[in-house]
Amino acid sequence: MESVMASLLTLHHSPSLSFSPRTLLFPPKRHRFRPQISVNAAAKTGAAVVWLKHDLRVDDHPALLAAADHSGAIPLYVFDHRILSRFEDETLEMVVAALEDLRNALRDKGTNLMVRFGKAENVIQEIVEKVRVVSAVYAEEEVEYGLREMVGVVKERLGAMQASAPEFVLWRTPFYDVKSLKGIPDSYNDFTKLRSPITIPLPPATFSGSAMELDWGPMPTFDDLKEFVNANPCKMQESWTSIKVQSKSRDEVFVTTKGKTIGGQTSTVLNSMGAYLRYLDGESRDDFWQKVHERMPYAESRDGASFNTLFGTALSLGILSRRRVYFEAIKHEKERNCGFLSPLGSGATISAAVDSVCSMEWYWLVALKSQLTDDRRYQIRIWRWKGYLIQYTVVGHEGPAMLLVHGFGAFLEHYRDNIGHIAEGGNRVWAITVLGFGKSEKPNIVYTELLWSEMVRDFILEVVGEPVHLVGNSIGGYIIAIVARLWPALANSVVLINSGGEVMPYSSAPFIKERKTSGASWLGARFLLFYLRFQLKDIVQKCYPNKTERVDNWLIDEMLRASYDPGVAVVLESVFSFNLSLPLNYLLKGFKEKVLIIQGMRDPISNSKSKVAMIKEHCDGFLIKELDAGHCPHDELPDEVNSIICEWIVTLSSKRLVVSFK
């Protein structure tokens, strides 16, 4: 039974939305302003360019406040296809609305918003050269790999201007008053014990005098933006651009319902959030409350999920800052309790808001810290999917592309002794930590095998950019089988390592399009949590019957570390609603001679002998390799598995080469 794979994950109890989170019950010892951004005094005599990306607001904006001290300010938004191509249409509409509002707000404050199309490095260099008096360029620090690369190019380009080079200043909007990122504990449980002060939002900046006499540029319409994005397909092959659209029309589980996300103007988002926070109060039912009310049945897919559904995109675009949300929630909580924080718990919507932004901030800190430290075996990169931060790595510079997908409760380093060795065999290897596991974000959503398959699909499209050989262990094997079935153009071959799912003579079971949680799954997850926390090492060792010494302290410590992350209990609830009814032979029907089965025959979770027999009977053309191993042969016997996979890729490549010459 696949749910037994939950043995690889232990969880820490997260406060439910019916009870206020730790942040409200035990408020920080103090609040304080963070020191302002510091630049050389000489730099303030010139103008400042504020490069806006995911910080589309005037409120609580440290860089705009710093720019107000300069002789002139040029807030700038660059419509760069490398950023815009990742957005769905609904998000692009929100960007246009937010920028229109931002321009009006900046005009009211004494400046304007400059808009340009093109590559950010070219646009910013051109502005600096034309204006001539620019002494500083401000840019928010990023965690996503692509954006960090873009920021690095801009910095390098400006630095090459030598004597006229402006100071390049990276800034953050700190939620917690953290002295050093490197000093942040790896465990969220240990981090909360520090009770770090939460910084107070900053007031909007006011710019003295009038806006500089510049060509600020016309604001594009949504249609203009769509035309620009479509004309710049970026890395993705044009023949693939319709894959997402086609899959959405085919399967409702992948549809983002238009009009359900609140965004656009900062004032609108703030008013809507106020209505959301007082949603259960039974008072002040204005137009904003009514709009929230209309969206709640869709948004509240599980307890507390509505805040992220309604406001997640606005937060990811920076229309609101996370700490502004936190203080608005605290303010409302005090208003409804005569100036106090109730020791008996907060309203569900208030708790949902606070839980969400505290969780987002933690994963942002984890992602940022991973960019600054080199204590991990592989260099970690960050990819943002649907607003969530996903960790991945890539090794190798040439050869066939491969993507490794781990099992339930694991993470990309579960392939610790596979990634590098397979890459040395002449391959390019990507490994991803699936949403909800390891150090990837764990949002309050309903997790399904279809959701994870969609994530893998988008990773191939947006990050890898070409078809891959898919490798998956446990539930990861079932996920890649779904990818191969729904989007066969993305898979060159499939390698299943003790995969989840069964083999059956027939199949008529459809995908379940909607998954809902229940009180039983909520309770079951927490009872399972209690058991697993004390049994983790014993359970994992049973999955490594041949080499139990491979279950070392590093592996167990990392699993335990992840068990304290916010939102992890929600992931465990998915164990009780998995739908693995579609058999593997049905999912991989069109992949004859392109499927490799690596099966540990001493797997304590499934009957390997029976499974192999069924594969031989019903899966013509599948290559099977039986190993004296348990549920995780790739980590228990890495040398053998690496050799098998490398040989498999070489054989397939040779066959394709022969076909191409015919």
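Author: A residue is called buried when its relative accessible area is under 20%, exposed when the area is over 50%, and partly exposed in between, with a 1.4 Å probe and protein chains only. The model discussed here is predicted, and local features need pLDDT of at least 70, side-chain atom pairs count only at pLDDT 80 or more, while totals for chains, interfaces and linings use all residues. Residues are numbered from 1 along each chain as its sequence is written, and side-chain values use heavy atoms, with hydrogens and water left out.

Reader: Why is N498 called buried?

Author: The relative accessible area of N498 is 1%, and N498 is therefore buried, since the cut-off is under 20%. N498 is placed in strand β11 (residues 491-499), where strands are DSSP runs of E of at least two residues and helices are runs of H or I of at least four, both numbered from the N terminus. The phi of N498 is near 45°, a positive value in a residue other than glycine.

Reader: What makes K386 count as partly exposed?

Author: Its relative accessibility is 38%, a value between the limits for buried and exposed, so K386 counts as partly exposed. K386 sits in the loop between β6 (381-385) and β7, and its phi, near 55°, is likewise positive in a residue other than glycine.

Reader: Why is K439, a lysine, called buried?

Author: The relative accessible area of K439 is 17%, which puts this residue in the buried class. K439 lies in the loop between β9 (428-432) and α16 (449-464). Leaving aside neighbours within four places in sequence, K439 is in contact (heavy atoms within 4.5 Å) with D186, Y363, V366, R376, Q391, T433, E558 and R561.

Reader: What makes α12 largely enclosed by the rest of the structure?

Author: Of the 11 residues of helix α12 (residues 306-316), 8 are buried, so the helix is largely enclosed by the rest of the structure. The buried residues are S306, F307, N308, L310, F311, G312, A314 and L315, and they pack against α4 (89-108), α10, α11 (287-299), α13, α14 and β7 (388-395). Just after α12, G318 takes a positive phi of about 75°.

Reader: Why is α12 called oblique to α14?

Author: The two helices pack at an angle of about 45°, with their axes 11 Å apart, where axes are lines fitted to C-alpha atoms over the stretch in contact and angles run from 0 to 180 degrees between N-to-C directions. That angle makes α12 oblique to α14, because angles under 35 degrees count as roughly parallel, over 145 as roughly antiparallel, 65 to 115 as roughly perpendicular, and the rest as oblique. F307, N308 and L315 in α12 meet A352, A353, S356, V357 and M360 in α14. By class, this contact has 6 nonpolar, 2 polar and no charged residues, with Ala, Val, Leu, Ile, Met, Phe, Trp, Tyr, Cys and Pro taken as nonpolar, Asp, Glu, Lys and Arg as charged, and the others, Gly among them, as polar.

Reader: Why are α10 and α13 described as oblique to each other?

Author: The axes of helix α10 (residues 266-277) and helix α13 (residues 322-336) come within 10 Å and cross at roughly 45°, and the two helices are therefore oblique to each other. L270, M273 and L277 in α10 meet R324, V325, E328, A329 and H332 in α13, and the residues of this contact divide into 5 nonpolar, 1 polar and 2 charged.

Reader: Which residues touch the most other members of the largest nonpolar core?

Author: Y138 and F307 do, in a core of 135 residues, a nonpolar core being a set of buried Ala, Val, Leu, Ile, Met, Phe, Trp, Tyr and Cys residues joined through side-chain atoms within 4.5 Å. Helix α14 (residues 348-372) gives the most to this core, with 14 residues. Another core, of 61 residues, lies apart from it and has V434, V456, V483 and A484 among its members.
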